[in-house]
Amino acid sequence: MPSKSTLKIQHPPKTLRELAQSNMRDAIISGVFEPGQRLVERTLCEQIGVSRSVIREVIRTLEAEGLVELLPQQGPIVATLNWQQAEQIYNIRELLEASAVADCAKKATDDVIAALRSALDRLLKQRAKGDASAVLLDTNQFYAIIFEAAGHQLAWEIVQRLNGRISRLRVLTLSSGSRLQQAPDHLVAICDAIAEHSPDKAAKACITHVREAKSVAAKLLS
């Protein structure tokens with residue numbers, strides 16, 4: 001018989017709203033729903049299989065994340081990407097990520113380094129397949145480990161609030177030219193510097209990574 005300690009649900013199932021929200025967020029990030037595209041409630045209800053009340057809640061949440069815009073007399077549309085906003089996001093990323101990787105390099109245990117290596121291994125395998133979406137997921141996991149190990153939980157909350165827009169920019173840049181090949185190599189350099197417990201080297205590798213992505217986005221969005 002199970003003990004009392006095993007009865008507790010460790011991972012509660014997602015609600016219908018959370019599932020719908022996740023599916024719509026992924027569709028916007030991956031480009032299934034294109035920038036500027038109108039989001040018609042009736043159509044979304046049929047596509048996702050939920051009620052209008054659920055769709056309205058989802059749209060409100062995605063609007064707060066910056067993925068959806070509400071236009072007067074038109075209703076919700078997929079938010080457009082523009083360089084002015086993207087530049088601010090990259091500047092925020094550079095500050096928060098460089099600080100996090102530097103502190104992670106100071107504090108990283110063998111378990112943290114092993115977790116980073118494991119995330120990188122999955123990421124590199126997905127790169128070999130040319131799967132930008134999977135690379136994106138593993139990149140997010142890589143950074144989650146870094147921020148947690150660095151003790152930068154509040155900074156990670158800020159990143160998470162911007163994560164929808166960060167992910168859209170990552171998909172945009174990863175789908176452009178050689179970025180899918182270069183970006184994971186930068187993460188390898190960051191990981192190696194963390195493993196060497198070299199804060200300055202880790203921060204420098206991180207800044208290079210973010211600035212190169214910023215340069216690609218500038219060409220695409222300017």
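The protein exposes about 12200 Å², of which carbon and sulfur atoms supply 52%; accessible areas come from the Shrake-Rupley method with a 1.4 Å probe, and for residues only the protein chains shown count as cover. This is a predicted model, in which local features need pLDDT of at least 70 and side-chain atom pairs count only at pLDDT 80 or more, while totals for chains, interfaces and linings use all residues. Residues are numbered from 1 along each chain as its sequence is written, and side-chain values use heavy atoms, with hydrogens and water left out.

## Overall form

Of the 222 residues of the protein, 44% count as buried, where buried means under 20% relative accessible area, exposed over 50%, and partly exposed in between (1.4 Å probe, protein chains only). The radius of gyration of the protein is 19 Å, which agrees with the value near 17 Å that a compact globule of 222 residues would have; the radius is taken over C-alpha atoms, and the globule rule is 2.2 Å times the number of residues to the power 0.38. Taken along the principal axes, the box that the C-alpha atoms fill is roughly 65 × 55 × 35 Å.

Among contacts between residues at least 6 apart in sequence, 72% join residues at least 24 apart, a contact meaning heavy atoms within 4.5 Å.

## Secondary structure and the hairpin

The secondary structure comes to ten helices and two strands, these being DSSP runs numbered from the N terminus (helices H or I, at least four residues; strands E, at least two). From the N terminus on, the order of the elements is α-α-α-β-β-α-α-α-α-α-α-α.

Strand S1 (residues 68-71) pairs with strand S2 (residues 75-78) in the antiparallel sense over four bridges; two strands pair if DSSP finds at least two bridges between them. Within this pairing, Glu 69 stands opposite Ile 77 in S2, and Leu 71 has Gly 75 of S2 as its bridge partner. The hairpin has three residues between the strands, and Gln 73 lies in that loop between S1 and S2. Gln 73 is not a glycine, although its phi is positive at about 65°.

A positive phi, of about 55°, is also found at His 197, again not a glycine. His 197 belongs to the loop between helix H9 (179-195) and helix H10 (199-221).

## Selected residues

| Residue | Relative accessible area | Class |
|---|---|---|
| Thr 173 | 4% | buried |
| His 197 | 40% | partly exposed |
| Ala 64 | 64% | exposed |
| Gln 73 | 89% | exposed |

Thr 173 lies in helix H8 (residues 163-174), and its C-alpha atom is separated by 12 Å from that of Ile 29, a residue 144 residues apart from Thr 173 along the chain. Ala 64 is found in helix H3 (residues 52-64); between Ala 64 and Gln 37, which are 27 residues apart in sequence, the distance in space is 18 Å, C-alpha to C-alpha.
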